Amino acid sequence: METFLIKALQLIFSLSILVLIHEFGHFIFARMFKVRVEKFYLFFDPWFSLFKFKPKKSDTEYGLGWLPLGGYCKISGMIDESLDKEQLSKPPQPYEFRSKPAGPRLLIMTAGVIFNFLLALFIYSMVLLQWGDTYIPLKNVTYGMDYSSTFKNIGFEDGDILLKADTATLERFNEDCLRKVVNASRVTVLRNGEEVVIDIPEDIMQRLLHDKEGFATYRYPMIISEVSTQSAKEAGLQTNDRIVDINGVGTVAASDVIKELHANKGATVMVTVERDGRTVSLSAPVDTVGRLGIMSKTSLLKLYEPVTLRYNFFSSIPAGIMLGVNSLKGYVSDMKFVFTKEGAKSLGGFGAIGNLFPAEWDWKLFWERTAFLSIILAFMNILPIPALDGGHVMFLLYEVVTRRKPGDKFLEYAQIAGMIILFALLIFANGNDVLRFFSK
């Protein structure tokens, strides 16, 4: 329950920041072009609001709704989700959105997306300034990786060290590394001291989405950090022992140990450990769920030599911009998989978004996830779907090109159609979350 609350709080806090910045973009550009803003709300307020106030000599009511699914900025004379037909039935007023030229209206509509993207660049820059960029070069991962069955089926083996995707050097293990691998024709790995080339099938991403096992994880030895049960203590296991063999089967990595323990549930096994430069063999019981009664050291930064890039204020800005632009490019390139059968099944709603955040509050990860969500929000909002900013932009561009303004009735119907599409997507994505939860 505590994990759920921590993730939920991070999600709500993050989305609140993103929504406020997005709507503030619309607000500030509307006021810049002397367009009246009637409401500025965080969260939606059907039937009632939790809080609202309207400053003296202001046309804008500010408030906090009770439904935490976003927020809105109600601009006078604009066909939006409020579907205010009464206002549109009256003659256009000078302060209304519909009375302004296409250029200012276009800027008002794109301002939210622009502000979200700029926010992402700013956050990335400040994260680099505060914490730097620490990563483990793949060449330093001497134990290699443990691969999912999807990749083992095409030729990868546990312990392979990733070197190149086609001719591009694989420097660090992240989303960009996976993109390079799945988009490559051949991947070069280091196996037992020799370079091995693996052919990558064109449908590898579809297989990955279907199998839902991921790509790979870091491989590391099983070094005991704590002996947690009396039976393990009596067996002679000690802190800092490295388990290298179980019942005669070599266990180079922790994953090998886990595999052998699961194969010997409820039995007593012969365990060989490395201790102070020598090997020690002892007999130890495995419980009925495949545990030995120990805790292991899994600090990758202590096991493998990391690299940390430090930035001052002036160098963090271009580095943050590059990181944001690359994140956007990567996300856009991944969108093509959404239109496949397996990609559609992988869509997620608020549950999937919440799982982006860690189970323990970590400010660095929080801000990184918030920056990434800001990029997603900017991209999704600019899609040419009625009811989104991109839908309004699409009709405005049509007006600029044809010099003909779409009728209010047409825009109203388009807005309704867009809202139906969005609600359907919302239900579908969150439905996937529910199905995944109950299929665990």
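How many bridges pair β7 with strand β9, and in which sense do the two strands run? I looked this up in a predicted model, where local features need pLDDT of at least 70 and side-chain atom pairs count only at pLDDT 80 or more, while totals for chains, interfaces and linings use all residues. I number residues from 1 along each chain as its sequence is written, and side-chain values use heavy atoms, with hydrogens and water left out.

**Strand β7**

I find that β7 and β9 (residues 186-191) pair in the antiparallel sense over four bridges, where strands are DSSP runs of E with at least two residues, helices are runs of H or I with at least four, and both are numbered from the N terminus; two strands pair if DSSP finds at least two bridges between them. In this pairing L162 has V189 of β9 as its bridge partner. On β8 (residues 168-169), which runs antiparallel to β7 and is joined to it by two bridges, the partner of K164 is T169. β7 and β8 make a hairpin with two residues between them, and D166 in the turn has a positive phi of about 55°. I also note that four of the five residues of β7 (residues 161-165) are buried, so the strand is largely enclosed by the rest of the structure; buried means under 20% relative accessible area with a 1.4 Å probe, protein chains only.

**The four-stranded sheet**

I then traced an open antiparallel sheet in the order β14-β13-β15-β16. β14 (249-250) and β16 (278-285) are at its edges with a single partner strand each, so one side of each lacks a neighbour in the sheet. β15 (residues 268-275) pairs with β16 over eight bridges in the antiparallel sense.

**The cavity**

I looked for cavities, taken on a 1 Å grid over the protein atoms alone as sets of points where a 1.4 Å probe fits but cannot get out, with lining residues having an atom within 4 Å of a point. The largest cavity has a volume of about 260 Å³, a volume being the space filled by probe spheres set on the points, which are joined across faces, edges and corners. Its lining holds 20 residues, and I79, F97, R105, H392 and L411 lie nearest the centre. The elements giving two or more residues to this lining are α3 (102-131), α14 (389-402) and α15 (408-438), and α14 contributes the largest share, five residues.

How values were computed:
1 Å grid on protein atoms, 1.4 Å probe; cavity = no way out; pocket = protein on both sides within 12 Å on 5 of 7 lines; lining within 4 Å. Buried < 20%, exposed > 50% of the residue type's maximum accessible area, 1.4 Å probe, protein only.
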